[in-house]
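Here is a friendly briefing on how side chains pack in one protein model. Have the structure open as you read.

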Amino acid sequence: MARINSHYDKLSAGYLFPEIARRTNAFLEQNPGVQVLRLGIGDTTEPIVPAVLDGLDQGVKSLGNADTYSGYGPSEGVLPLRQGLAGLYAERGVKLDPSEIFVSDGAKSDSANIQGVFSQDSVVAVQDPAYPVYVDSNVIAGRTGLAGSTGYEGLVYMPCTEENGFFPELPDQKVDLIYICSPNNPTGAVATREQLKSFVDYANEHKAVIFFDSAYAAFITDPVLPRSIYEIEGAETCAIEMNSFSKTAGFTGVRLAWTIVPKTLATEDSEAGKVHALWTRRQNTFFNGASNIVQAGGIAALSPKGREQTDAQVAFYLENARIINEGLKSLGITTYGGGNAPYVWLKTPGGLSSWEFFDKLLNECHVVGTPGSGFGPAGEGFFRLSAFGHRENVEKAVGSIKENLQI
Ligand code: PGU
């Protein structure tokens, strides 16, 4: 007799972004012909740059020739790409062996799957608000109780508020697994060296492990801010890092990412190297490697030309963020983020709830954003606008907010 994984029933709502799409479509059904401006999901919109397109093209062409054809590759990724990624870290003074870098099809899947190599009774701490995958994957894995108004029972929420500059205090209890995202989705805040150091020291002291999601690292413009947790001394014994080509190279639909599991990482019950071995085993069993075509595109993205062109695209999205920030500020709305991240985090005017503001923005301005409460209890009263979009649409959206938002 088959039975379902009943932990799925604990999930308090559908996944956030399909829910937003559902509400947007319902609005469009009631208001046919209206143009909705989408600053909701963080999805790239600009065409893939020529140098990367060339790499993808070569990846395709090599499959049409018996001499260069390749089938299944190593599930950890092809060596030139792992070497290229190690080179990227070396530029920041971080020494990694290519074998510590696992290429994958997404930081989403990796950040959802990584918990699976840790003990079932691990106590999990998340920034609040946070990218929903961290919480939902642990709910599904059975590490929580039911959801209430303050979140899931059994999870340790680390509030990120205006008062603490959207970076949390250290947990006041012993936790085992800690999710940190910087530049942060959704708040746009970037952790400083000192802030990360406090968590690295905590993790080493308590034998906890940090999952550091740096999917937006390329958006950091301030040279003193760390782009990788391994820029912090001691992180190599306690941190796993995820990053992605999605937002940098326009690969949200192409799919390519990486996760770093240092061989020096140890846990309370295992020696250095064990977690690396487990993640290797996990990927070898559950995953057959990222597409060879796509990995060729990734190698091209790391080339000097690829870097120059993708950097320009990142700068384009950051300019969108500046336009959004400026428009909202001119209305007296309090905003955060945007400077080193593709998200603007605003405080809902008039004390509206996040979903009330979602409806208001959609109805009055025809602009779609993401309610802060969808990222966790501390996101209530906030709202996220994505800076991914064609310039014309971003300008239209900001213009419409300035003209039509009744506050
Ligand atoms: N990590 C963070 C912090 C993210 O915000 C996102 C995408 C990912 C990972 C996903 O990376 P991939 O390499 O493309 O898998 N966040 C977007 C898209 C929503 C989603 O469900 O992934 C967002 O709007 O928050």
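**Aromatic pairs and packing**

The model holds 20 aromatic pairs, where rings of Phe, Tyr and Trp (its six-membered ring) pair if their centres lie within 6.5 Å; planes under 30 degrees apart count as stacked, over 60 as edge-to-face and the rest as tilted. This is a predicted model, in which local features need pLDDT of at least 70 and side-chain atom pairs pLDDT 80 or more, while totals for chains, interfaces and linings use all residues. Residues are numbered from 1 along each chain as its sequence is written, and side-chain values use heavy atoms, without hydrogens and water.

**Aromatic rings**

- The pair Phe245 and Phe251 is tilted, because the ring centres are 6.1 Å apart and the planes are at 40°.
- Phe245 is buried at 4% relative accessibility and Phe251 at 0% (buried means under 20% relative accessible area, with a 1.4 Å probe, protein chains only).
- One aromatic cluster is formed by Phe17, Phe166, Tyr336, Trp345, Phe375 and Phe382.

**Around Ser214**

- Ser214 is buried too, with a relative accessible area of 0%.
- Its side chain makes a polar contact with the side chain of Glu241 at 3.4 Å (a pair of N or O atoms within 3.5 Å; within protein, one must be able to donate a hydrogen and the other to accept it, and residues adjacent in sequence count only if both atoms are side-chain atoms).

Technical notes:
Buried < 20%, exposed > 50% of the residue type's maximum accessible area, 1.4 Å probe, protein only.
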